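Hi everyone, thanks for making the time. Let me put the structure up on the screen, and then we can walk through it together.

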Amino acid sequence: MLAATLVCAAIALIFFWVPEDADQGFSQKIFYFHVPIAVTAYACFGWGAFKAFMHLWKRPPEADLQSYVAIHLGVIFGALTLVTGSIWAKASWGVWWTWSSQQLVLFLVLFLFYSAYFMLRFSVDPGPARANVSAVYALFGLVLIPVSFLAIRLAEDFIHPTVFTPAGPQMADSMFLTFCVALAAMLALASALYRLELTGKRLDATMKRLREALE
Amino acid sequence: MSSGEKYVAAAYLVVFVAVLVYLVIMQLKLQRLQRELAELAELAQERRAREEHEPAPREAAEVG
């Protein structure tokens, strides 16, 4: 409910309130969904890695499942980042993709790394071995998150714009407020989908145990 | 519709279609779980009915 309200509020602000960008015009409105989706993807991968770490450290019963669901959502949000970014690139730069932007390439590497997580996970039989291997792999990916996030600041990349600098956000207050609402909307949406998927997986597991007990 | 507007519409449409597809998949999964739960409830009821109708095994009593 919170996620739906925030998404509606974000769309209303984006299309009816915030002014058009003087440089890019109407196509800049993709920014308000593209960047929050990318940040949400990072958050999901980070949460998945944190749960993987918890699994290896304290071994709570659900940490492996939580890590898996978070990474699954991270890959979905990552795919959306790449697609919306590609559409924005076509509108702004005239190309769908450019290999010269380190930010784009590193995000693609991060996305492919976590996509391969599923191949690894499902190539091992269910059990403690699968959970351990998946957790170690998820933790390795954590290194790529700050590298991908900071790539544009570390490298002299003039293609991909840098809006958030040490001096603060390089945009008008109304644009920054709209961005914050859109970011909250995406994080709330990811949180709602995370809980929904986790509930489904828990129900599935309980049902399996119940069937085994009855049959 | 200008080309900029078309690109913005496409980007937002992609996001909404993806969320919609995800929700449809979750809905289908919940429907499957609901069906399985009904089957299991039926199975449990059958088992209970069978146990109620079957006579309980008699205990051996000493004679004499």
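To start us off, in which helix of chain A does A:Ile14 lie? A:Ile14 lies in helix H1 of chain A, where helices (H or I, at least four residues) and strands (E, at least two) are DSSP runs numbered from the N terminus.

Before going further, some housekeeping. This is a predicted model, in which local features need pLDDT of at least 70, side-chain atom pairs count only at pLDDT 80 or more, and totals for chains, interfaces and linings use all residues. Residues are numbered from 1 along each chain as its sequence is written, while chains are lettered from A and ligands numbered from 1 in the order in which they are written.

Back to A:Ile14. This residue is buried, with 21 other C-beta atoms within 10 Å. The cut-offs are these: buried takes 20 or more other C-beta atoms within 10 Å of a residue's own, exposed takes 12 or fewer, partly exposed is in between, and C-beta atoms are placed from the backbone. Leaving out residues up to four places away in sequence, A:Ile14 touches A:Lys29, A:Tyr32, A:Thr178 and A:Ala182; a contact has C-beta atoms, placed from the backbone, within 7 Å. A:Ile14 and A:Ala182 are 168 residues apart along the chain, yet their C-alpha atoms are separated by 8.7 Å.

Now let's zoom out to chain A. Seven helices and two strands make up its secondary structure, and along the sequence the pattern reads α-α-α-α-α-α-β-β-α. Taken along the principal axes, its C-alpha atoms fill a box of roughly 65 × 35 × 30 Å. Of the 215 residues in chain A, 38% are buried. Among its contacts with a separation of 6 or more, 76% come from residues 24 or more positions apart.

How confident is the predictor? On pLDDT, its confidence in each residue from 0 to 100, chain A has a mean of 87, with 94% of its residues at 70 or more. Within chain A, strand S1 (residues 164-165) has the lowest confidence, at a mean of 70, and H3(A) the highest, at 94.

On to the core. A nonpolar core here is a set of buried Ala, Val, Leu, Ile, Met, Phe, Trp, Tyr and Cys residues joined through C-beta atoms within 7 Å. The largest one has 58 residues, and A:Cys44, A:Ile71 and A:Ala182 have the most contacts inside it. Two or more residues each come from helix H1 (2-16), helix H2 (31-57), H3, helix H4 (102-121), H5 and H7 of chain A, together with helix H1 (3-53) of chain B. H2(A) gives the most to this core, with 14 residues. As for A:Cys44, the residues it touches, not counting those up to four places away in sequence, include A:Ile71, A:Phe77 and A:Ala190.

Buried in H5(A) are A:Ala131, A:Ser134, A:Ala135, A:Ala138 and A:Gly141. They cover an arc of only 115° around the axis, so they are on the same side of H5(A); the arc is that of the directions from the helix axis to the C-beta atoms. Turned away from that buried side are the exposed A:Pro128, A:Ala129 and A:Phe140.

And chain B? Its secondary structure is one helix and zero strands, and 6% of its 64 residues are buried.

Finally, the contact between the chains takes 24 residues from chain A and 22 residues from chain B. On the chain A side, helix H3 (63-92) and helix H7 (173-214) give two or more residues, and H7(A) gives the most, with 10 residues.

Key. Contact = placed C-beta atoms within 7 Å. pLDDT = per-residue confidence, 0-100.
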